[in-house]
Amino acid sequence: MQNEILRSAWTKALAKELSLSEEALTAEMKKNSSRTVLNRQAAIARSAEPARENLSQAVSAAEKMILGLALESPDFAGRIREELAAPDFESPAARKIMERFFQEASGTALSAKDLMILFQSEPEVITFISQVSADVEVVADKEKVLSDCLVQMKRQRIRTARGGLLAQMATAEKAGDQGRINEFKVSLHELNKREKKINEKK
């Protein structure tokens with residue numbers, strides 16, 4: 001009972017410092033905890049499942065569009081390289097492809113054909129690259145779509161980072177490590193400022 005009282009007081013104080021409602025903060029922490037459990041279960045399921053992953057279904061629409069646009073234009077590729085990094089891609093498949101893209105396209109243009117040659121031993125990746133390239137061809141306002149996808153991925157990056165910080169704060173709170181808690185609070189404030197700046201630009 002005493003632990004529950006302390007946890008409630010800590011959550012209330014943290015929510016006040018972050019300018020969030022207690023309900024929103026509690027929901028975010030629960031969501032992150034649930035996501036961790038689900039990710040572990042998914043990893044176990046994947047290791048037990050012999051079927052190969054369908055890349056098109058495993059990658060989000062924004063990540064697919066980013067890859068397609070990166071291959072569409074050197075200007076787009078340069079902008080994507082400036083604003084994103086491979087770890088920003090949540091899908092392991094997209095992350096692997098973008099790691100190779102960023103490595104090979106540094107300072108030079110890289111076409112869909114060039115990228116497919118790099119993955120010539122992986123037919124599913126080749127098919128996926130071909131699909132995203134075809135999807136981009138029918139997009140009317142590519143500049144706007146690129147801007148929207150970049151914003152979406154930056155927001156996702158912040159949400160993921162915030163979830164990780166909240167989980168670490170909860171662990172530090174259980175251990176009574178006030179120094180670490182204060183460090184995490186500073187990091188959360190920085191994330192909130194970055195998110196606000198992204199929303200203002202949007």
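Helices (H or I, at least four residues) and strands (E, at least two) are DSSP runs, numbered from the N terminus. The model is predicted: local features need pLDDT of at least 70, side-chain atom pairs count only at pLDDT 80 or more, and totals for chains, interfaces and linings use all residues. Residues are numbered from 1 along each chain as its sequence is written, and side-chain values use heavy atoms, with hydrogens and water left out.

**Exercise 1.** State how many helices and strands there are in the protein, and what pattern it follows along the sequence.

Solution. The protein has ten helices and zero strands. Read along the sequence, this gives α-α-α-α-α-α-α-α-α-α. Of its 202 residues, 36% count as buried (under 20% relative accessible area; exposed is over 50%, partly exposed in between; 1.4 Å probe, protein chains only).

**Exercise 2.** Determine how α4 packs on α8 and on α6.

Solution. Two packed helices are described by the angle between their axes and the distance between the axes. Axes are lines fitted to C-alpha atoms, for helices over the stretch in contact, and angles run from 0 to 180 degrees between N-to-C directions.

Step 1. Helix α4 (residues 61-72) packs against helix α8 (residues 123-137) at about 80°, the axes being 8 Å apart. The pair is therefore roughly perpendicular (65 to 115 degrees; under 35 counts as roughly parallel, over 145 as roughly antiparallel, the rest as oblique). Contact means heavy atoms within 4.5 Å; on the α4 side it involves Lys64, Met65, Leu67, Gly68, Leu69, Leu71 and Glu72, and on the α8 side Phe128, Ile129, Val132, Ser133 and Val136. These residues comprise eight nonpolar, two polar and two charged (Ala, Val, Leu, Ile, Met, Phe, Trp, Tyr, Cys and Pro are nonpolar; Asp, Glu, Lys and Arg charged; the others, Gly among them, polar).

Step 2. The axes of α4 and helix α6 (residues 92-104) come within 11 Å and cross at roughly 20°, so α4 is roughly parallel to α6. In this contact, Glu63, Leu67, Ala70 and Leu71 of α4 meet Ala94, Ile97, Met98 and Phe101 of α6. Its residues are seven nonpolar, no polar and one charged.

**Exercise 3.** Which residues form the contact of α5 with α9, and how do they divide by class?

Solution. The axes of α5 and α9 come within 11 Å and cross at roughly 15°; the two helices are therefore roughly parallel. From α5 come Phe76, Arg79, Ile80 and Glu83, and from α9 Lys142, Glu143, Leu146, Ser147, Leu150, Lys154 and Arg157. The division is four nonpolar, one polar and six charged.

**Exercise 4.** Identify the residues with the most contacts inside the largest nonpolar core, and the helix that gives the most to this core.

Solution. A nonpolar core is a set of buried Ala, Val, Leu, Ile, Met, Phe, Trp, Tyr and Cys residues joined through side-chain atoms within 4.5 Å.

Step 1. The largest one has 34 residues, and Ile66, Leu67, Ile80, Phe89, Phe101 and Leu115 have the most contacts inside it.

Step 2. At least two residues each are supplied by α4, α5 (74-83), α6, α7 (112-118), α8 and α9 (142-175). The helix giving the most is α4, with seven residues.

Step 3. A second, separate core of eleven residues includes Leu165, Met169, Ile181 and Leu188.
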